[in-house]
Amino acid sequence: MMDKLIVGVSSPCKELKRLISMVAKASTTVLILGETGSGKELVAKGLHLESGRKGPLVSVNCAAIPSELLESELFGHEKGSFTGADKPRAGKFEQAAGGTLFLDEIGDMPISLQSKLLRALEDKAIQRVGGNKTFKLDFRLICATHQDLNLKVDKGDFRADLFYRINVFPIDVPRLSERAVDIPLILNKILEDFEFLDGSINIAPTFDETALSALQKYSWPGNVRELKNLIERACVLFNGKSINSEHVKNNLLKIKVPDHGEESTALWDAAADLVGIPTGHDEDTTALPLPHPDQYKDWFAYFDNIDLRRHLQDIEIVLIEAALEKSTGQVSQASGMLKLRRTTLIEKMKKLAIEKSSF
Ligand SMILES: Nc1ncnc2c1ncn2[C@@H]1O[C@H](COP(=O)(O)OP(=O)(O)OP(=O)(O)O)[C@@H](O)[C@H]1O
Ligand SMILES: [Mg+2]
């Protein structure tokens, strides 16, 4: 069951699955740590599945819910406790009865709520917002964060007592780059899921040996989620075709230009839309990191339309801002860099609402 959920045979992945099975059956609080997109939520699912608990897995993303609403989301509320509370409602704590409560992105829990959360966990009981009846709590707690909680505690953004309360059994989810040997397996799993979900992907592309090895060499700062996005892009651009390492580097991975500093990265970010058009040219890292106009030639082979005016304007904005950044807001210097007349640049900045004072 766990092997179907968390795909991988590398030793960090095996170790992860071993830890999950060891701790799943206990009622111990688990703290899942790991980079963004590394699979923390999947680990929470795995823990719940293997726990054999009859109740549901109830997830709360503490970063996604506005802090004013988070309290009633967790604790529930009684009728009339605030404007809009026209019915009494059980919160996530109560909903998780007999099951697992997963507090995702716990590092983003507002400090104002942390002491109330700690009290609820210690007492194993809560009162709804605006109520005085006590509800007994019965759930297994799992928390996750991509943040460094030790650092947050040092900075005073996270209560030390809450940190010790949740940091009982920490599980580190490995980065994708640490388990690069799993990439072909994960890739196949993701392709299967896509075909199952989306009827429009008729024929999956195939990644040849060179493509797989290029994928295994990449650093994957966005981990499995980034891999998933790349595969989705591949399905659109290479429907039914074979993909090699050049396709991976030039068309599927965001093009990274080494040693050109921040502003060239910003350029490529802005040009990310253009990446994904096969040009047949080799990547030339010594040239200026600008997308070659030829890259637009095949646009309509892959897409139905482009908002030309909007797109050109986006490029304009990025280049003007980059020039202002480089010249620390000096318009005449920036206009020289852009080969524009000073007055033309000022006009453009006005039109595009670019303020020189922000540089
Ligand atoms: N080992 C794996 N096998 C298959 N799919 C995986 C694996 N690890 C992660 N995924 C997939 O990658 C995506 C990201 O995983 P998940 O949402 O669990 O990451 P996360 O660590 O919670 O990310 P975030 O920090 O952004 O919340 C999901 O679609 C998940 O199904
Ligand atoms: Mg997550």
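I began with strand pairing: L33 faces D172 in β7. This is a predicted model, so I keep that in mind throughout. Overall, β1 and β7 (residues 169–172) run parallel and share four bridges.

Next I checked the other neighbour of β1. Strand β6 (residues 139–145) also pairs with β1 in the parallel sense, again over four bridges. There, I32 has A144 as its bridge partner.

Are the two faces of β1 (residues 30–33) covered or open? I found both covered. V30 and I32 are buried on one side, L31 and L33 on the other.

Then I traced the whole sheet. It is open, has five strands in the order β2-β3-β6-β1-β7, and its pairing is parallel. β2 (57–61) and β7 are at the edges with a single partner strand each, so each has one side without a neighbour in the sheet. From one strand to the next, the twist averages 20°.

I looked up α3 too: it lies across β1, β2, β3 (99–104), β6 and β7, at about 165° to β6.

Last stop, ligand 1. I noted 17 residues around it, the closest being V7, G39, K40, E41 and V224. α3 (40–51), α9 (183–197) and α11 (223–237) each give two or more residues to this shell. By class, the shell has five nonpolar, seven polar and five charged residues. Domain 1 (2–174) and domain 2 (176–253) each supply at least three residues.

Technical notes
Residues numbered from 1 in each chain as written. Chains lettered and ligands numbered in written order. Predicted model: local features only at pLDDT ≥ 70, side-chain atom pairs only at ≥ 80, totals over all residues. Near = placed C-beta within 6 Å. Nonpolar A, V, L, I, M, F, W, Y, C, P; charged D, E, K, R; others polar. Domains from an automatic or database assignment. Buried ≥ 20, exposed ≤ 12 C-beta atoms within 10 Å, placed from the backbone. Pairing = 2+ DSSP bridges. Axes fitted to C-alpha atoms, helices over the stretch in contact; angles between N-to-C directions. Contact = placed C-beta atoms within 7 Å.
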